[in-house]
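Please look through the structure shown here and follow its strands, the helices beside them and one of its pockets. The briefing takes these topics in turn.

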Amino acid sequence: MSTNYDNIQWVIQRNLTNTDDLKELVRGCEKIGVPYMEIDIIPFTDQLPDFDKSRQSIFYGSTTMGQLVYKDSSLNKGFFFNQQSFSIENYFAKWGSHMLNHGALVTSFRELISKGYDADKPLFIRPDDDSKSFSGEVKKFSEIKSWYDRLKMFDNTSLSLDSKIVVSEPYHLRYEWRLWIVNNKVVTASKYREDFKLKKERGCPQEVIQFAEQRCLEYTPHDVFVMDICETGENYYIVECGCLNSAGFYHADIGAIVNSVTGYFSKIV
């Protein structure tokens, strides 16, 4: 085992993590000699299970695990997230027209419904934050209204009538890629969608990497994060960024992610 990694470890959620991804995470840890452990997170739990905390931990798992780690200041150095910086509204302010939905309406369910669009008007709607409280998708205004009516009836812990959302006109996106970024450099990438259909392929065009790294010279929400980029028309745009600790891998090089993130973390703890 590398002495450089004696004081750190990966803590990987075993349940709810894709089996093949879990194997690749373990293989990545073993290849560079960093300790790891697997834990199970009970859905909707309010506490982490007991685990060895004698080392500094890098976490990978569900958003539930992430929320629990983020609240614990003794653990969250290995959870690469900041609630203020990981938001679409913040990206609009920092990257401007390089964002896909730049100029979109940042609002709430309550304010959106008050605008009274035609029932059949299609709108793209997504959360402003990185909570994964719902998936971004195109819905008719009447469907959003029905959703709003349900929210009024039930107590949802992750959504409310005043939850901040982003609303825009729908776009046709030809390709979408996810890039894993550490200290302004793209570590690996994966295509995840083509013409709105899931299509997982390792890598991305060099022009996409150049676009991402140029944006990183302007701003990053964290030293370690994922950036989703799309091609529409003849241009590239940032779709969103996300917390690497809970981001799906698609067909990325997981070993490269483990190697790069571990090297970064070993220098800051």
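In this predicted model, strand β5, which covers residues 122-127, pairs with β6 in the antiparallel sense, and 4 bridges join the two strands.

- Strands β5 and β6 belong to an open sheet of 4 strands, whose order is β4-β7-β5-β6 and whose pairing is antiparallel.
- At the edges of this sheet lie β4 (105-108) and β6 (137-140), each of which pairs on one side only.
- On average, and with direction ignored, neighbouring strands of the sheet are turned by 40° against each other.

- Helix α3, made of residues 88-95, lies across β4, β5 and β7 (164-168), and it runs at about 60° to β7.
- Helix α5, made of residues 141-153, also packs on the sheet, where it touches β5 and β6, and its direction makes about 90° with that of β6.

**The second largest pocket**
- The second largest pocket has a volume of about 470 Å³, and among the 24 residues that line it, Phe 81, Gln 83, Asp 129, Asp 130 and Ser 131 are the closest to its centre.
- Two or more lining residues come from each of the elements α2 (63-70) and β7, and α2 gives the most, with 4 residues.
- By residue type, the lining of this pocket divides into 8 nonpolar, 10 polar and 6 charged residues.

Methods:
Residues are numbered from 1 along each chain as its sequence is written. This is a predicted model: local features need pLDDT of at least 70, side-chain atom pairs count only at pLDDT 80 or more; totals for chains, interfaces and linings use all residues. Side-chain values use heavy atoms; hydrogens and water are left out. Two strands pair if DSSP finds at least two bridges between them. Axes are lines fitted to C-alpha atoms, for helices over the stretch in contact, and angles run from 0 to 180 degrees between N-to-C directions. Contact means heavy atoms within 4.5 Å. On a 1 Å grid over the protein atoms alone, a cavity is a set of points where a 1.4 Å probe fits but cannot get out, and a pocket is an open set with protein on both sides within 12 Å along at least five of seven lines; lining residues have an atom within 4 Å of a point. Grid points are joined across faces, edges and corners, and a volume is the space filled by probe spheres set on the points. Ala, Val, Leu, Ile, Met, Phe, Trp, Tyr, Cys and Pro count as nonpolar, Asp, Glu, Lys and Arg as charged, and the others, Gly among them, as polar.
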